Amino acid sequence: VPELEKATVRIRQPERVRGIIQALREQGVAKLQVISDFDMTLSRFGCNGRRCPTSHNILDTSRVISEDGKKKLQDLLHYYYPIEIDPNRTLEEKCPLMVEWWTKAHELLVQQKIHKGDIAQIVRESEAMLRDGFKEFFDQLHKNNVPLFIFSAGVGDILEEIIRQANVFYSNVNVVSNYMDFNDDGVLTHFKGPLIHTYNKNNTVLQGTGYFQQLSTRTSIILLGDSMGDLTMADGVPSVENILKIGFLNDKVEERRGKYLDSYDIVLESDETLDVVNGILRYILTE
């Protein structure tokens, strides 16, 4: 896989990674599934030195939110985001605070009486961008009938619209995220449960979806994420034979490199593309 020679790639155990990729190829297409985060993993972290928006940001900064609402949402971000990425706090400490953040943010959004009919336009007017190479990524998986499971703590309605507007929302794509619930007039009344935040992307919120049970023969996994919370996304898979964990290290690279290299098999530093993922897929999927 020539893409693994890219300057953005860091691998702590190259031999082991080569072995996993080889095993994924030998197991074949019929056993493969891809489990991915969305915000800052399939979507870009930055462009031309500016931060790209997450699905929550797209909503928070859109014209349907009042100035007062925007300020309150911004205040929440400034307070809770440093906690989310603080390497010195434990998960036990972070989890209740993340629930608090998401709950408060969702309550603020509900107060804005957002219309379902505005979502497509909100996304069109935003600076949302999928990573370079997204089309090849979605196309390869679709063409080979490889299930793509997107597990996101973002806003499901927004991220689905981003994928739809990029013309890659294929039948093999399945999303679990925080979805809005609208009344008969198309006005947002609440968010459907269970609440998904950065650190509970695991079995606890998948109970009852039965998604992985239907795919019990798909025992080869490529997992894509950009945070420590994404590492548990495959926990619901009944019997994993091979798993390759690829992490996008977008922010505070020096400070977080060690932790990422300990947790992910391949770490992509400040890489706004899906080149490496596509290279690996090409290798696995080529007869």
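Trainee: Leaving aside its neighbours within four places in sequence, which residues is Ile 222 in contact with?

Mentor: Good place to start! Contact means heavy atoms within 4.5 Å. By that rule, Ile 222 is in contact with Leu 24, Leu 32, Gln 33, Val 34, Ile 35, Leu 244, Ile 246, Ile 280, Leu 281 and Ile 284, once neighbours within four places in sequence are left aside. Before we go on, keep in mind that this is a predicted model, where local features need pLDDT of at least 70, side-chain atom pairs count only at pLDDT 80 or more, and totals for chains, interfaces and linings use all residues. Residues are numbered from 1 along each chain as its sequence is written, and side-chain values use heavy atoms, with hydrogens and water left out.

Trainee: Which residues touch the most other members of the largest nonpolar core?

Mentor: First, the idea. A nonpolar core is a set of buried Ala, Val, Leu, Ile, Met, Phe, Trp, Tyr and Cys residues joined through side-chain atoms within 4.5 Å. Buried means under 20% relative accessible area, exposed means over 50%, and partly exposed is in between, with a 1.4 Å probe and protein chains only. Here the largest core has 89 residues, and Phe 137, Ile 222 and Ile 280 touch the most other members. Helix 4 (residues 91-111) gives the largest share, seven residues. Domain 1 (2-44 + 129-285) and domain 2 (50-125) both contribute residues, so this core lies between them.

Trainee: How many residues of each domain are in contact with the other?

Mentor: Domain bounds come from an automatic or database domain assignment. In this model, 33 residues of domain 1 are in contact with 30 residues of domain 2. The domain centres, taken over C-alpha atoms, are 22 Å apart. Buried area is the accessible area (1.4 Å probe) that two parts lose on being put together, summed over both. Between these two domains that area is about 2700 Å², with carbon and sulfur atoms giving 70%.

Trainee: What is the order of the strands in the open sheet?

Mentor: Helices (H or I, at least four residues) and strands (E, at least two) are DSSP runs, numbered from the N terminus. Two strands pair if DSSP finds at least two bridges between them. The open sheet of seven strands has the order 1-11-10-9-2-5-6, with mixed pairing. Strand 1 (9-10) and strand 6 (173-178) stand at the edges, each with a single partner strand, so one side of each has no neighbour in the sheet. Strand 10 (residues 242-249) and strand 11 (residues 266-269) pair in the parallel sense over four bridges, and Ile 246 stands opposite Ile 266.

Trainee: Which way do strand 7 and strand 8 run, parallel or antiparallel?

Mentor: Strand 7 (residues 180-182) and strand 8 (residues 188-191) run antiparallel, joined by three bridges. They form a hairpin with five residues between them, and Gly 186 in the turn has a positive phi of about 75 degrees. Phe 182 stands opposite Leu 188.

Trainee: What is phi in Met 40, positive or negative?

Mentor: Most residues other than glycine have a negative phi, and most peptide bonds are trans. Met 40 has a positive phi of about 70 degrees and is buried, with a relative accessible area of 5%. Lys 113 also has a positive phi, near 50 degrees, but Lys 113 is exposed at 57% relative accessibility. The peptide bond from Gly 193 to Pro 194 is cis, with omega near -10 degrees.
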